[in-house]
Amino acid sequence: MSKFQTVHFEDLRVGMRETTRNEVTKEKVAAFAEISGDRNPIHLDEAYAATTPFGGCIAHGVFTASFVSAAIATRLPGPGSIYISQSLSFRAPVMIGAAVDTTIEVIELIERGRRVKLKCECRVGDKLVLEGEAEVKATARPAR
């Protein structure tokens with residue numbers, strides 16, 4: 001699979017889907033904490049996190065959600081798409097070391113404004129950890 005793919009609005013169909021996989025590492029979570037400013041010890045301090053109901057460090061919820069953004073930006077509809085809105089529900093924690101499978105699926109196409117509604121899910125194994133819906137503006141097929 002190539003790193004980038006653009007699917008123009010005219011080529012999108014309800015039911016199209018893409019799945020990507022991302023590894024959650026201690027280094028990536030630390031970098032996200034630095035960039036975002038969210039230095040909650042539940043994400044960074046193993047001794048502290050061990051005292052929580054999770055028993056260890058977990059990834060930021062929005063870090064996990066960023067996998068949805070990346071799938072939209074690089075795969076479906078891909079480069080040039082513009083985020084309009086996103087709803088998210090965090091269903092379970094994502095532990096350091098987890099592999100997160102992110103699936104986005106076209107659920108509605110709106111001609112006016114080339115809008116695309118996408119169902120968004122992140123799973124660790126069979127466990128749903130995040131779900132939501134995004135609306136994006138897709139690019140038009142270039143004139144020939």
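Two strands count as paired if DSSP finds at least two bridges between them. Keep that in mind while looking at Lys117, which stands opposite Glu135 in strand 5. Helices (H or I, at least four residues) and strands (E, at least two) are DSSP runs, numbered from the N terminus.

A few ground rules before we go on. This is a predicted model, where local features need pLDDT of at least 70 and side-chain atom pairs count only at pLDDT 80 or more, while totals for chains, interfaces and linings use all residues. Residues are numbered from 1 along each chain as its sequence is written, and side-chain values use heavy atoms, with hydrogens and water left out.

Strand 3 and strand 4 pair in the antiparallel sense over nine bridges, and Ile104 has Cys120 in strand 4 as its bridge partner. Four residues sit between the strands in this hairpin, where Gly113 takes a positive phi near 80°. Arg114, in the loop between strand 3 and strand 4, also has a positive phi, of about 50°, although it is not a glycine. Then ten bridges join strand 4 (residues 115-124) to strand 5 (residues 127-137), again antiparallel. Their hairpin has two residues between the strands, and Gly125 takes a positive phi near 65° there.

Is Arg114 buried or exposed, or something in between? Buried means under 20% relative accessible area, exposed means over 50%, and partly exposed is in between (1.4 Å probe, protein chains only). With a relative accessible area of 29%, Arg114 is partly exposed.

One more backbone detail is worth a look. Leu76 and Pro77 are joined by a cis peptide bond, with omega about 0°. You'll find Pro77 in the loop between helix 4 and strand 2.

On to the charged side chains. A salt bridge is a side-chain nitrogen of Lys or Arg within 4 Å of a carboxyl oxygen of Asp or Glu. By this rule the count comes to ten salt bridges. One of them brings together the side chains of Glu105 and Arg17 (2.9 Å, N to O). Glu105 is in strand 3 and Arg17 in strand 1, so this pair ties together parts that are 88 residues apart in sequence. Glu105 counts as buried because its relative accessibility is 18%, whereas Arg17, at 51%, counts as exposed.

Arg75 forms another salt bridge, with Glu18, and their closest N and O atoms are 3.3 Å apart. This pair links distant parts of the chain, with Arg75 in the loop between helix 4 and strand 2 and Glu18 in strand 1, 57 residues apart. Both Arg75 and Glu18 are buried. Then there's Arg91 with Glu131, where the closest N and O atoms are 2.7 Å apart. Arg91 lies in the loop between strand 2 and strand 3 and Glu131 in strand 5, so the pair ties together parts 40 residues apart in sequence. Glu131 counts as partly exposed, at 25% relative accessibility. Elsewhere, Lys119, Glu121 and Arg123 are linked in a network of salt bridges.

Let's finish on the surface. Val62, in helix 4 (residues 61-74), is exposed, with a relative accessible area of 53%. Together with Leu88 and Phe90, Val62 makes a nonpolar surface patch of about 270 Å². Patches are made of residues with over 30% relative accessible area and no salt bridge, with like charges joined within 9 Å and nonpolar side chains (Val, Leu, Ile, Met, Phe, Trp, Tyr) within 5 Å. Accessible areas come from the Shrake-Rupley method with a 1.4 Å probe, and for residues only the protein chains shown count as cover.
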